[in-house]
Amino acid sequence: MGWFDFWVIFITCALTMLACRVLPLFLLKGRELPPAVIRALGLIPPAAFAALVTNDLFDPLMFKAGIWPAAAVLIAALCVIVVSIKFRSLVVSAIAGVVIYAILLALPL
């Protein structure tokens with residue numbers, strides 16, 4: 001690929017990203033969104049976070065180090081789900097996940 005092709009692709013991508021991020025702000029400025037749209041937009045951050053976490057939890061090579069390291073990750077994740085439901089706090093959930101995972105890995109199994 002030559003420099004001309006690179007710059008065409010780069011500028012096209014930059015303009016597309018700019019349009020996708022800036023145009024909705026200008027087009028929706030001052031308008032009230034329907035409640036269903038607001039509710040749907042509110043689901044995007046948890047869905048993106050869940051996708052990232054799931055991608056890290058279920059690695060194809062997760063059992064390569066043995067069953068216990070893979071099980072410790074999944075047990076910690078289940079504990080985080082319980083803590084999240086009870087406390088509804090991202091900070092408390094993250095701290096609980098780190099502490100539980102450290103405890104599980106420290107167990108002599």
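Is tryptophan 7 buried, partly exposed or exposed? In this predicted model, tryptophan 7 is partly exposed, with a relative accessible area of 42%. Partly exposed covers the range between the 20% limit for buried and the 50% limit for exposed, so a value of 42% falls in that class.

**Aromatic pairs**

The structure holds four aromatic pairs. In one of them, the rings of phenylalanine 6 and phenylalanine 10 count as stacked because their planes stand at 20°, with the centres 5.9 Å apart; the cut-off for stacking is under 30 degrees.

Tryptophan 7 and phenylalanine 10 are three residues apart in helix α1, so about one helical turn separates them.

The two pairs are set out below.

| Pair | Centre to centre | Angle between planes | Class |
|---|---|---|---|
| Phenylalanine 6 and phenylalanine 10 | 5.9 Å | 20° | stacked |

Ring pairs join Trp3, Phe6, Trp7 and Phe10 into a cluster.

**Exposure of the phenylalanines**

Phenylalanine 6 is partly exposed, at a relative accessible area of 33%. Phenylalanine 10 is likewise partly exposed, and its relative accessible area is 44%.

**A charge over a ring**

Another ring contact involves a lysine: lysine 86 lies over the face of phenylalanine 87, at 5.7 Å from the ring centre.

Technical notes:
Residues numbered from 1 in each chain as written. Predicted model: local features only at pLDDT ≥ 70, side-chain atom pairs only at ≥ 80, totals over all residues. Heavy atoms only, no water. Phe/Tyr/Trp six-rings, centres within 6.5 Å; stacked < 30°, edge-to-face > 60°. Buried < 20%, exposed > 50% of the residue type's maximum accessible area, 1.4 Å probe, protein only. Helix = DSSP H or I, 4+ residues; strand = E, 2+ residues; numbered from the N terminus. Lys NZ or Arg CZ within 6 Å of the ring centre and 35° of its normal.
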